[in-house]
Amino acid sequence: MSAEQLDWARSPLGPYANVVDHQRAYDEVIGPDGIRTDQLLVSAAVEGLGLSGLLAARAEAQRLVADDGVHYGGSVQQRPWAVDPLPMVLSASDWAGLEQGLQQRLRLLEALLADIYGDQRLLHEGVIPAEIILGHGGFLHQAHGIGTGKAAGLTLAATDLGRGSDGEWFALGDRT
């Protein structure tokens, strides 16, 4: 479906076309020339759902999160998991670059975990101040020296991503 077929200027997304200053921010759905090509299906779904449908989808997602008890923060500071009912559609070229960088980041996080619970070279050499690790409430002192081979490494890693106004990706933070 083309932007013309979607008639995006008169769709629910139309009023937002001029909200984003494309010189200062990157909008995933609407570019300077209208709806981005790789976002046409999402835009058509938004058009089909309308505001009431989007609000109902958001409420359903929040209900499912609450029913299943999905949350951030472990047992210390629990807060509900934030779920957006609209998917984030990435182009193949965007994903190719992200995949390589995210795999590299995961290897780094695995190496950090192995060192922190292993030889602690980074602490002994002062690369990471020891008090940051050893004083952290999540550090398990009892696990030091157990080893963190592939089987005992990270079981989950997620990286929050953002885009600069130029459209380039950057990492905001990690959850492991």
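Trainee: Is Q120 buried or exposed?

Mentor: Q120 counts as buried, because its relative accessibility is 9%. Buried means under 20% relative accessible area, exposed means over 50%, and partly exposed lies in between (1.4 Å probe, protein chains only). Please note that this is a predicted model, in which local features need pLDDT of at least 70 and side-chain atom pairs count only at pLDDT 80 or more, while totals for chains, interfaces and linings use all residues. Residues are numbered from 1 along each chain as its sequence is written, and side-chain values use heavy atoms, leaving out hydrogens and water.

Trainee: Where does Q120 lie, and what is its phi?

Mentor: Q120 lies in the loop between α3 and α4. Its phi is positive, about 55°, although Q120 is not a glycine. Helices (H or I, at least four residues) and strands (E, at least two) are DSSP runs, numbered from the N terminus.

Trainee: And which residues does D115 touch?

Mentor: Not counting residues up to four places away in sequence, D115 touches Q120, R121 and L122. Contact here means heavy atoms within 4.5 Å. D115 is found in helix α3, residues 92–116.

Trainee: What do the buried residues of α3 pack against?

Mentor: They pack against α4 (121–124), α5 (130–134), β5 (158–163) and β6 (169–175). The buried residues of α3 include D94, L98 and L109.

Trainee: New topic: how many salt bridges does the structure hold?

Mentor: The structure holds 7 salt bridges. One of them joins the side chains of R163 and E28, at 2.7 Å from N to O. This pair links distant parts of the chain, with R163 in strand β5 and E28 in the loop between α1 (3–6) and β1 (30–31), 135 residues apart.

Trainee: Are R163 and E28 buried or exposed?

Mentor: Both R163 and E28 are buried. Together with D94, they are linked in a network of salt bridges.

Trainee: Which residue does D174 form a salt bridge with?

Mentor: D174 pairs with R105, and their closest N and O atoms are 2.9 Å apart. D174 is in strand β6 and R105 in helix α3, 69 residues apart. D174 is partly exposed at a relative accessible area of 32%, and R105 is partly exposed at 30%.

Trainee: How many aromatic pairs are there?

Mentor: The count comes to 1 aromatic pair. The rings of Y117 and F139 have centres 4.9 Å apart and planes at 15°, so the pair is stacked. Rings of Phe, Tyr and Trp (its six-membered ring) pair if their centres lie within 6.5 Å; planes under 30 degrees apart count as stacked, over 60 as edge-to-face and the rest as tilted.

Trainee: What does that pair tie together?

Mentor: Y117 lies in the loop between α3 and α4 and F139 in the loop between α5 and β5, so the pair ties together parts 22 residues apart in sequence. Y117 counts as buried at 13% relative accessibility, and F139 is buried at 9%.

Key. A salt bridge is a side-chain nitrogen of Lys or Arg within 4 Å of a carboxyl oxygen of Asp or Glu.
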